Amino acid sequence: MKRSRILVIDDNLNATRIVKLSLERTGSYEVRELNDPTQSLEAAREFRPDLILLDVCMPDIEGSEVAEKITSDPDFAATPVVFLTSIVTPREAGKTGSITVGRHEYIAKPARTQIIVACVQKHLAQARQASLSAECVSHS
């Protein structure tokens, strides 16, 4: 079975390492870490992720700018971006561990592995469904 590709972008090496190990432990994901957010588009072009997990507050460039830069590229317009951030507190996130603002979901740091995996699975399933729907429309 093909493993989904996840690109984790965070200036904190420990944060990306923990997420990478947690996701790879499931056996369902191939994860690439990026600790220099200014290289995000180049990393996405090389790695071709199915989903991007992205910190919000980083030096030099904000996560929202990184998301905009990546998703404005036609090759990644449909790639889900999920923010993993301490801007959202676990209390604000509630039992689900995340909140949705606009078209993005925000997972509160520190996040339990089960919350990250469930969120990743949900967004990958939605992206696959959207892709299948678009394919059906184009063949009609």
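Trainee: Leaving aside neighbours within four places in sequence, which residues is Ile 9 in contact with?

Mentor: Contact here means heavy atoms within 4.5 Å. By that cut-off, Ile 9 touches Thr 16, Leu 34, Pro 37, Ser 40, Ile 52, Leu 53, Leu 54, Asp 55, Met 58, Val 66 and Ile 70. Keep in mind that this is a predicted model: local features need pLDDT of at least 70, side-chain atom pairs count only at pLDDT 80 or more, and totals for chains, interfaces and linings use all residues. Residues are numbered from 1 along each chain as its sequence is written, and side-chain values use heavy atoms, with hydrogens and water left out.

Trainee: What is the strand order of the open sheet?

Mentor: Its six strands run β2-β1-β3-β4-β6-β5, with mixed pairing. β2 (29-34) and β5 (98-101) stand at the edges with a single partner strand each, so one side of each has no neighbour in the sheet. For angles, axes are lines fitted to C-alpha atoms, for helices over the stretch in contact, and values run from 0 to 180 degrees between N-to-C directions. Neighbouring strands are turned by 25° against each other on average, direction ignored.

Trainee: Which strands does helix α3 (residues 63-71) lie across?

Mentor: Helix α3 lies across β1, β3 and β4, at about 165° to β4. Helix α1 (residues 13-24) lies across β1, β2, β3 and β4 (81-85), at about 175° to β2.

Trainee: How many residues does the largest nonpolar core have?

Mentor: In soluble globular proteins, nonpolar side chains tend to be buried together. A nonpolar core is a set of buried Ala, Val, Leu, Ile, Met, Phe, Trp, Tyr and Cys residues joined through side-chain atoms within 4.5 Å. Buried means under 20% relative accessible area, exposed over 50%, and partly exposed in between (1.4 Å probe, protein chains only). The largest core has 22 residues, and Ile 9 and Leu 54 are among those with the most contacts inside it. β1, α2 (40-47), β3, α3, β4 and β6 (104-108) each supply at least two of its residues, and the largest share, four residues, comes from α2. Another core, of 17 residues, lies apart from that one and includes Tyr 29, Ile 107, Ile 116 and Cys 119.

Notes: Two strands pair if DSSP finds at least two bridges between them.
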